[in-house]
Amino acid sequence: MTRSFAVGDHVSWNSEAGRVSGTITKMHVKDVDYKGYTHHASPDNPQYEIKSDKTDHIALHKPSALKLARRPRRAAAI
């Protein structure tokens with residue numbers, strides 16, 4: 001069974017550039033048109049909208065492509 005995630009979860013996924021991480025901002029349970037493509041989603045197989053940690057890029061992925069990730073460390077104030 002595929003793991004389910006929640007808004008606010010920090011996740012990672014494989015991309016052409018390597019491993020990327022970000023935070024889930026929205027869960028889609030119905031088909032959604034994004035960047036000219038229809039992403040198919042249902043309550044049993046949702047699409048997660050994720051904001052990248054390093055850029056403002058938004059990605060949509062099914063749960064099978066995602067792994068729960070650690071939160072990035074923040075630099076200590078000096």
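**View 1. Ile 50 and its contacts.** Ile 50 touches Val 11, Trp 13, Gly 22, Thr 23, Ile 24, Thr 25, His 57, Ile 58, Ala 59, His 61 and Leu 66, leaving aside residues up to four places away in sequence. The model shown is predicted. Several of these partners return in the views below.

**View 2. The largest nonpolar core.** Eight residues build this core: Phe 5, Val 11, Trp 13, Ile 24, Tyr 48, Ile 50, Ala 59 and Leu 66. Strands S1 and S5 (47-52) are the elements that give two or more residues to the core. In soluble globular proteins, nonpolar side chains tend to be buried together.

**View 3. His 61 and Trp 13.** His 61 sits in strand S6, residues 58-61. Its side chain makes a polar contact with the side chain of Trp 13, at 3.1 Å. Trp 13 is also one of the residues of the largest nonpolar core. Not counting residues up to four places away in sequence, His 61 touches Trp 13, Pro 46, Gln 47, Tyr 48, Ile 50 and Leu 66.

**View 4. The salt bridge.** How many salt bridges does a search of the whole structure find? The search finds one. In the salt bridge, the side chains of Lys 51 and Asp 56 meet at 3.3 Å, N to O. Lys 51 is partly exposed, with a relative accessible area of 34%. Asp 56 has a relative accessible area of 66%, so Asp 56 is exposed.

**View 5. A nonpolar patch on the surface.** Val 7, Met 27 and Val 29 form this patch. Together they have about 240 Å² of accessible area. Val 7 lies in the segment before strand S1 (10-15). Is Val 7 buried or exposed? Val 7 counts as exposed, because its relative accessibility is 55%.

**View 6. The protein chain as a whole.** The protein chain has seven strands and zero helices. From the N terminus on, its elements run β-β-β-β-β-β-β. The protein chain holds 78 residues, and buried residues make up 28% of them. Among contacts with a separation of 6 or more, 42% are between residues 24 or more positions apart. The protein chain exposes about 5,900 Å². Carbon and sulfur atoms supply 52% of that area.

Conventions: Residues numbered from 1 in each chain as written. Predicted model: local features only at pLDDT ≥ 70, side-chain atom pairs only at ≥ 80, totals over all residues. Heavy atoms only, no water. Patch = residues over 30% accessible without salt bridge, like charges linked within 9 Å, V, L, I, M, F, W, Y side chains within 5 Å. Areas by Shrake-Rupley, 256 points an atom, 1.4 Å probe, with all protein chains shown as cover. Salt bridge = Lys/Arg side-chain N within 4 Å of Asp/Glu carboxyl O. Helix = DSSP H or I, 4+ residues; strand = E, 2+ residues; numbered from the N terminus. Buried < 20%, exposed > 50% of the residue type's maximum accessible area, 1.4 Å probe, protein only. Core = buried A, V, L, I, M, F, W, Y, C linked by side-chain atoms within 4.5 Å. Contact = heavy atoms within 4.5 Å. Polar contact = N/O pair within 3.5 Å; in protein donor to acceptor, adjacent residues only side chain to side chain.
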